[in-house]
Amino acid sequence: MMVVCTYPVKHISFANEQCLTSSVYEAIIFDLKTCTKVHELSLQCETALKQVTFMPITNDILICFCDDFIHVWKSKTFERYKQILPTEWNQISLRCIAITRNGTSMILAGYSSSLIVFSLDTWQILRILNLPAGINSVKSIQFISQEHDGGANKFLIILSTDGVIYFLDMENSIVLSKIQKEVEIISFTCSPNGVHLACVLHSGEVNVYKIAQYIEQTEVTKKSTNVEPARGNLRLFLPVPKQTTDLDLNKLRGILTEYGEYPESYRSLIWTKILQLPNNQQCYRTLSNKGLSTHFKNLEQKYPMMSKSAIRNMKRLLSNLGNWCSIFYYVDFIPLFAFPFLKIFENDPLTCFEAVISIILNWCQHWFEYIPYPPMNILVMIESVLKDQDPQLISHLAKYNVTSHLYAWPLLEVAFSEILSIKDWCALWDNILSNEPSFLLMVVAAYSIVSRSVLLSMTTIEEFEIFYHQQNPTNMKKLINKAQYLLNNTSPSNHPRQYLKDFTPLPKGSYPVFDGFPKIVTECEDTSFKNVMETEDRILKLEEEVSKYKVSEEERQKDMERREEEAKRLQLLEDLYQEKMLKEKERIDKQRLQLSRIRTSLHEKQAESLEISRKRIEEINLKERQRELSKMLNDIDQSNIQADFEIQQTEEELSKHYVELLKQKEQLESLLLEANAEGSLLSKKSRTIDQQRQQLNKELDEIRRNIQRSRITSKVKVPMSILVLNDQIQNLDFAAAKEMAQKQQNLTQHHANMKLLKMENDTKELEKDVQRLLNKLTNVKVHEARKIMSQLNESVVDRKEWIEREKQLLRIKVQMTSVVDTPPEYYYPEKRNVSVNIE
C-alpha cells in the first residue's frame with residue numbers, strides 16, 4: 001500500500017512499529033503494520049516545522065517550530081504537556097536537535113558557536129558549551145551509539161556550515177578530531193551500532209568511515225588536528241559519468257555533440273568542472289561577512305515576480321559581487337544576467353558566486369568599459385560578424401535603423417534568458433561554457449541569421465523590438481550549429497577572437513581584481529550614489545512625513561465621513577424611531593381601547609358571573625334552609641307528638657291516681673261514718689284528712705293549669721325561637737356572602753389590573769392573555785363558589801348543632817314538665833305515711 005505525503009519529507013523517525021515523517025508544513029505518524037495514517041499535524045503556511053522526532057524511552061513527540069518554540073506531546077493522546085520557550089537559550093536560532101538514547105539529555109544547536117545541553121528530567125539548561133573558533137554555526141549533530149554507555153551517548157558528531165565534521169567528547173568538552181575534505185561535506189549519518197559514518201560530499205561522492213579511529217583519546221586527537229581518512233575506509237559514489245577529478249573537456253564535448261546538452265542532474269557539477277572553480281571558502285566568507293549592501297534594498301520592488309527566497313539569494317549574490325568589485329553596485333543588467341545562474345546553483349551560493357565572476361571575467365570581456373552605456377566594442381564585433389556572413393540581413397536592419405543596440409545587446413544583457421525557455425537556455429549555455437569566450441558573440445549573430453526570414457519580413461522598429469524581447473520558436477540544434485559555423489568560418493579580420501583573451505580559471509586562495517571599467521565611473525557613481533542615498537533618505541523622510549500626514553488626513557477624512565455617515569444614520573434612525581413611535585402610539589391607543597372594551601366586557605361578565613353565583617348560592621342556601629326548617633319542623637312535630645303522648649300518659653296516670661284517691665276518699669268517708677261512733681277521738685284526724693284533701697285538690701288543679709300553660713307556651717315559644725334563629729342565620733349568610741363577593745370583586749379587580757399591564761407590555765399575545773385571563777377568572781370563580789359552598793356547609797353544620805342543642809333543651813323542658821305532672825305522693829311523704837298509718 002502506498003501512502004503519499006503532501007509535502008517533501010525532511011525527517012523520518014521510528015518508534016514501536018510507528019513511523020514519523022515531517023516536512024515543512026506537516027507531520028504524519030504511520031502504522032507500519034497496516035501502512036495507514038495514525039495522526040496528522042497540518043499547519044498553515046505562516047507556520048513551519050524545523051524538526052519532529054520521537055523521544056527515546058517515552059516515545060513522546062518533540063516538535064521544533066520555525067520560531068524555535070519546542071513542544072512535547074504525548075504519543076497516545078497527542079496532548080501537549082510541555083513547552084520550551086526560545087528565551088531560555090538567549091534566542092539562539094536553532095537548526096538541529098539531538099537526544100541521548102536514554103532520553104535524559106538533549107543537545108540544541110544552530111546559527112551559533114555554542115551548544116545548549118538541556119536536561120529532559122528537569123527541563124532546565126545544564127550547561128552551554130562554546131565550540132572552537134573554527135566553528136561559527138552548526139548544520140547538523142548526531143550522537144554516536146556505543147554498547148556499554150547505558151544510552152548516555154558520550155560522543156557527539158558535529159557538521160559545521162563549512163562542511164567539516166567534528167567529533168566532540170561531551171564529558172571532557174573537547175574536540176577529539178575532525179574530517180575535512182577539499183569538497184564540502186553536505187550531510188552525514190551514523191550507523192545504529194556506532195561503527196560507521198557515511199558522509200555525502202557536494203560533488204556527489206559518499207565516503208564511509210570507521211568511527212572508532214576518530215574517537216580514540218590520544219594526544220594527537222586532543223589537539224584537534226586534521227585527521228585524514230584511515231586505510232580501510234569505504235568509498236561509495238553516485239552514478240555520475242566519472243569522478244570529478246577525471247572529467248575531461250574533450251569527452252564532455254563529445255557528450256555535448258552527441259546529445260546537444262549535458263545531463264540535467266549533473267549540470268552544476270559539470271559546469272563547476274568546466275569553469276574550474278576553486279571553492280575559495282575563506283575568501284568567500286570574507287566577502288559575505290560584509291553583509292548585504294544597501295544598494296539592493298529595493299530589489300523586490302524592481303523584480304516583484306521573484307520569490308522571497310530568490311530575492312534573498314539574489315541580494316546576497318549581488319552584494320558579494322559588489323563587495324568584490326564596486327562597479328557591480330551600479331550595473332543595472334547584472335540582476336537579470338545572474339538570475340538564471342542563481343537558479344542553476346540555487347543550493348550552493350559559493351559555487352554560484354564563483355561561476356558568475358568566472359563568466360564575467362571570461363565571457364563578458366570589455367562589457368564594462370563604457371558603463372553605464374552598452375559595450376560599443378562588443379556590439380561592433382557582432383555587427384562585423386553579421387556583415388561578413390550575411391550582408392543582406394545587415395543591410396535590411398540598417399535600412400530600418402535597427403542597430404546592434406536592438407538586435408544584440410538585449411540578448412547579451414539577460415544572457416538569452418528572455419528569448420529562450422529554461423531547457424533551451426541550459427542547453428545553450430552548456431555549449432557556450434564548453435567553447436571559447438568568442439562563442440557567446442557568435443551565438444548572438446547566429447540568432448539573427450537563423451531567424452533572417454522572419455526579420456526580412458519586418459518593416460517597423462516596433463516589430464524588431466518585440467522580436468528581440470520575447471520567446472520565439474527556435475531550433476536549438478540549428479542555432480548552435482550556426483554559431484559553431486560562424487566561430488570556425490568568420491574571417492580573421494572580423495573575428496572577435498582577436499580582441500578577446502582565452503579562458504582563464506579563477507585562482508585558488510583569492511579572487512582576481514577586476515578593473516575592466518573606467519574608475520571615474522565608480523567615483524562618480526559612489527558620489528552620485530551617496531547623493532542619491534542622501535536624497536533618497538530625505539525623500540523617504542519626506543515621503544514618510546507625507547505618508548503620515550496623508551494617513552492622518554485620510555483618517556481624519558474617514559473620521560469626518562464616518563461621523564457624517566453616523567449622523568445621517570442617527571438622523572435616519574431617529575426619523576425611523578419617531579415614525580415607529582407614532583405607529584406604536586397609535587397601536588397602543590388601539591390596544592388600550594380594545595383593552596378598555598375587554599375590561600368592560602370582563603367587568604360585565606364578572607358582574608354577571610357574580611350575580612349568577614350569588615343567585616345560585618342564595619337558591620342553594622334557601623333550599624338548604626327550607627330543607628333544614630322542614631326537618632326542624634318535623635322534629636318539632638315529632639317532639640310535640642311525643643310530648644302530647646307523654647302528657648296523655650301523665651293525665652291517664654293522674655286520672656288513675658285521682659280515681660284511686662277518690663276510692664280512698666270514699667273509703668275514708670266510709671271509715672269516718674263508721675268511726676263516728678268511736679267518738680271524738682277521731683274528729684281531730686278527720687279534720688286533718690279534710691285539710692289534706694282540700695290541699696290535694698288545689699294541687700291537682702294547679703297541676704292541670706300548669707300543664708295547660710306549658711303546652712300553650714311550648715307550642716308558641718318553639719316556632720318563635722325557630723323564626724328568630726332563621727332570621728339570624730339568614731342575616732349571617734347574607735353578610736358572609738356579601739363579604740365574600742366584595743373580596744372576590746377586589747381580587748378580580750387586582751387580577752384584571754395585572755392582566756391589563758401585561759397586555760399593554762405584550763400586545764402581540766393579547767388574545768392568548770385574554771383567554772388565559774378568562775380561564776383563570778373562571779377557575780377563581782369556581783374556587784370561590786366552592787369556598788362559599790364550604791362556608792355554607794359549615795354554617796349548615798353550625799345550624800344543625802344549634803338545632804340539636806334546641807332539641808336537648810326541649811327534652812329538658814319536657815322532662816321538667818313530666819316532673820311537674822308527677823303524682824303528689826312522690827312529693828308529699830307525709831300523705832304516704834298517713835295512708836300507711838291509716839292502713
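**Ser319 and beyond**

Tutor: Leaving aside residues up to four places away in sequence, Ser319 touches Gly291, Leu292, Ser293, Phe296 and Tyr329, where a contact means heavy atoms within 4.5 Å. Bear in mind that this is a predicted model: local features need pLDDT of at least 70, side-chain atom pairs count only at pLDDT 80 or more, and totals for chains, interfaces and linings use all residues. Numbering starts from 1 along each chain as its sequence is written, and side-chain values use heavy atoms, with hydrogens and water left out.

Student: Which helix is Ser319 found in?

Tutor: Helix α6, residues 308-324. Helices here are DSSP runs of H or I with at least four residues, strands are runs of E with at least two, and both are numbered from the N terminus.

Student: Is Ser319 buried or exposed?

Tutor: Buried, with a relative accessible area of 1%. The cut-offs are under 20% for buried, over 50% for exposed and partly exposed in between, using a 1.4 Å probe and protein chains only.

Student: And what does the side chain of Ser319 reach?

Tutor: The backbone oxygen of Lys315, at 2.7 Å.

Student: OK, switching to sheets. What's the strand order in the open sheet of four strands?

Tutor: β13-β14-β15-β16, with antiparallel pairing; two strands pair if DSSP finds at least two bridges between them.

Student: Which strands stand at the edges?

Tutor: β13 (138-143) and β16 (174-179); each has a single partner strand, so one side of each is left without a neighbour in the sheet.

Student: How many bridges join β13 to β14?

Tutor: Five, and the two strands run antiparallel, with β14 covering residues 155-160. As one example, Ile141 has Ile158 in β14 as its bridge partner.

Student: Now confidence. What pLDDT does the chain average?

Tutor: 77, and 73% of the residues score at least 70; pLDDT is the predictor's confidence in each residue, from 0 to 100. Over residues 218-245 the pLDDT is below 50, though this stretch has 56 contacts in the model beyond near neighbours in sequence.

Student: Which elements have the lowest and highest mean pLDDT?

Tutor: Strand β20 (residues 234-237) has the lowest, 34, and helix α14 (residues 439-450) the highest, 93.

Student: Last one: how many helices and strands are there in the chain?

Tutor: 21 helices and 20 strands. Of the 839 residues, 38% count as buried.

Key:
Polar contact = N/O pair within 3.5 Å; in protein donor to acceptor, adjacent residues only side chain to side chain.
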